[in-house]
Amino acid sequence: MATKLVFVGEMGAGKTTAIRSISDMEPISTEMPISDEAALDAFEDKSHTTVALDYSSIELGDGELLHVYGVPGQAYLDFMWPIVAEGAIGVIVLVSALNPRALPSTLTLLERFRALAPDACFAVGVTCQDREPDFSFSDFRNALAGEGHRLPVMWVDARETSQVDFLIKALLSCRYAEAIA
Amino acid sequence: MSAPARKISAAVIGCQGLDVLHMMRLKVASSLLMAEYIQADVQEWNHQQVDLLVACIDDSNSQQLLREASQQGLPVLAVTRKVLSGLSIPGVAYGASVRDIFQQLRQLLVASDNSGERYKPRTLFRSLSGSKGKPCLLHMGLVKLLIDATHTRATLLRDLPYENFLKAAAEPGWTLSQLGSAEAVDECMADAVSTHAFEDFCWQAAARSPEPLVQRETTNPCQLRGWPEVETGKLPVQWLLPMAAMMRRPWQPGELAQATGTSLDDIARIMAAAACTGLLDGSGTGAAPAQGSGNKVSGFFTRIAKRFGLNFSKGLQV
């Protein structure tokens, strides 16, 4: 049964923050200090990064849990993807507008996770809007659609519970729309 | 018992080649149209969309002008020194009084349509339709904004809350001027207060307006080309399901309303917002049959939805 919600994205996309903002419990995280000088320069307000998984859960009542995972999108960690993707009801790809490879990175993640979780619904959240005002949202969205990924794409501030919550509402609406369309 | 209030409609009267005297008389005559519940706005005609053109036809360019107006199907009221009985279009004599002009305006704008529905309120989005390709300056009272040539960005030119712009967007009475030069754009941008995605402006305005932003006449089933760029959380949650369904396939409005448990009014507002932002794909020739993915909605899904404040049992109840 589909009991998982998965957030996936590259370093600095906001997975850990997004999960923390909607969770009932403090997420279990495998964060480590960033050791790469170049990465420290690129993410100036970020001192730690997730090296494996984030895990949290959301209570649905009567002891039922929705398991929430955050998975790094770096290709060298892709051995974890099938394990996490199995049984996912939805996958949210988070991408930072600061990422110069935002489009190819998102396309790769969507393609890989669609193959791993064919029954899951997908949505894309673009973060760091305030730090990259020149990011062309419409070009990004249209390019995804051009590759066959017609799905909700939204700006999201991962620190804002209401915004992550809204993105999940859109994802769930897509899931329900699949059943009626 | 009082009679239902009659709505004030709006008309734009273009003018060309009028001298100061006739221009002044035209403006006064236009203001008298309020007696017919028509708020008329007189603008210099630069080939923009207007409801009536008042033009002096005595100069050498007049034949060209009349041809262009005819091509657009635009009614013309001529001001001329020629013999009126020899004209093939309605006209008033050079030196005509305010009363003469008013009567002609009334006849042209009102007499042919007693329902009062012909001149739909000139909202921002009605004014904008057909203006793509040139930057447009739009204003209504204190509210003033610039829309770029590709209808991608909306720049607010008054230091008022964004909310005021969004509420005003669906109200009638907007005046549009196309900006023909980079200098004119630069001059406007000197007053820029903030810039927003045009999609955000449209969709948030649509969410606040009880009426669709524009009237659509196509009967083709419609699909969403992409998810609009709207500040997250600013769309009504009830719109998410019909929007999600429109991402999957084309729908007729009634069919979509029924399948998603959404009101037809909301569906019309969504489709109009999509049309205004170029996100509506109405190229479908027939409604695709409802298929469904075969993905059953489980009780577990229902409980997840409930946890996030959604109830899909009768459409999307929040």
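Me: At roughly what angle do the axes of α1(A) and α6(A) cross?

Reply: The axes of α1(A) and α6(A) cross at roughly 90° and come within 9 Å. Axes are lines fitted to C-alpha atoms, for helices over the stretch in contact, and angles run from 0 to 180 degrees between N-to-C directions. α1(A) and α6(A) are therefore roughly perpendicular to each other; angles under 35 degrees count as roughly parallel, over 145 as roughly antiparallel, 65 to 115 as roughly perpendicular and the rest as oblique.

Me: Which residues make that contact?

Reply: A:Ala18, A:Ser21 and A:Ile22 of α1(A) meet A:Thr161, A:Val164 and A:Asp165 of α6(A). Two residues are in contact if their C-beta atoms, placed from the backbone, lie within 7 Å. By class, the residues of this contact are three nonpolar, two polar and one charged. Ala, Val, Leu, Ile, Met, Phe, Trp, Tyr, Cys and Pro count as nonpolar, Asp, Glu, Lys and Arg as charged, and the others, Gly among them, as polar.

Me: Before I go on, what kind of model is this, and how is it numbered?

Reply: This is a predicted model, in which local features need pLDDT of at least 70 and side-chain atom pairs count only at pLDDT 80 or more, while totals for chains, interfaces and linings use all residues. Residues are numbered from 1 along each chain as its sequence is written, and chains are lettered from A and ligands numbered from 1 in the order in which they are written.

Me: How many helices and strands are there in chain A?

Reply: Chain A has six helices and seven strands. Helices (H or I, at least four residues) and strands (E, at least two) are DSSP runs, numbered from the N terminus. Their order from the N terminus on is β-α-β-α-β-β-α-β-α-β-α-β-α.

Me: What share of chain A is buried?

Reply: Of the 181 residues in chain A, 48% are buried. A residue is buried if 20 or more other C-beta atoms lie within 10 Å of its own, exposed if 12 or fewer, and partly exposed in between, with C-beta atoms placed from the backbone. As for contacts in chain A with a separation of 6 or more, 68% of them join residues 24 or more positions apart.

Me: Back to α1(A): how many of its residues are buried?

Reply: Six of the eight residues of α1(A), which spans residues 15–22, are buried, so this helix is largely enclosed by the rest of the structure. The buried ones are A:Lys15, A:Thr16, A:Ala18, A:Ile19, A:Arg20 and A:Ile22.

Me: How many residues does each chain give to the contact between A and B?

Reply: Chain B gives 35 residues and chain A gives 39. On the side of chain B, α8 and α11 (299–307) are the elements that give two or more residues. The residues on that side divide into 19 nonpolar, eight polar and eight charged.

Me: And how does α6(A) pack with α8(B)?

Reply: α6(A) (residues 161–180) and α8(B) pack at an angle of about 55°, with their axes 8 Å apart. That makes α6(A) oblique to α8(B). Among the residues in contact are A:Lys169, A:Ala170 and A:Tyr176 of α6(A), and B:Leu240, B:Ala244 and B:Arg248 of α8(B). The contact has nine nonpolar, one polar and three charged residues.

Me: What about α8(B) and α9(B), at what angle do they pack?

Reply: α8(B) (residues 240–248) and α9(B) (residues 253–260) pack at about 125°, with their axes 10 Å apart. They are therefore oblique to each other. From α8(B) the contact takes B:Leu241, B:Pro242, B:Ala245 and B:Met246, and from α9(B) B:Leu256, B:Ala259 and B:Thr260. Six of these residues are nonpolar, one is polar and none is charged.

Me: Which elements cover the buried residues of α10(B)?

Reply: They include α4 (124–128), α7 (198–208), β11 (223–224), α8, α9 and β12 (280–281) of chain B. In α10(B), 10 of the 13 residues are buried, so the helix is largely enclosed by the rest of the structure.

Me: Changing topic, is A:Asp62 buried or exposed?

Reply: A:Asp62 counts as exposed because it has 6 C-beta neighbours inside 10 Å. It lies in the loop between β3 (48–61) and β4 (64–72) of chain A, and its phi is near 55°, a positive value in a residue other than glycine.

Me: And B:His151, buried or exposed?

Reply: B:His151 counts as buried, with 20 C-beta neighbours inside 10 Å. Its phi is positive, about 55°, although it is not a glycine. B:His151 lies in the loop between β7 (143–147) and β8 (153–156) of chain B.
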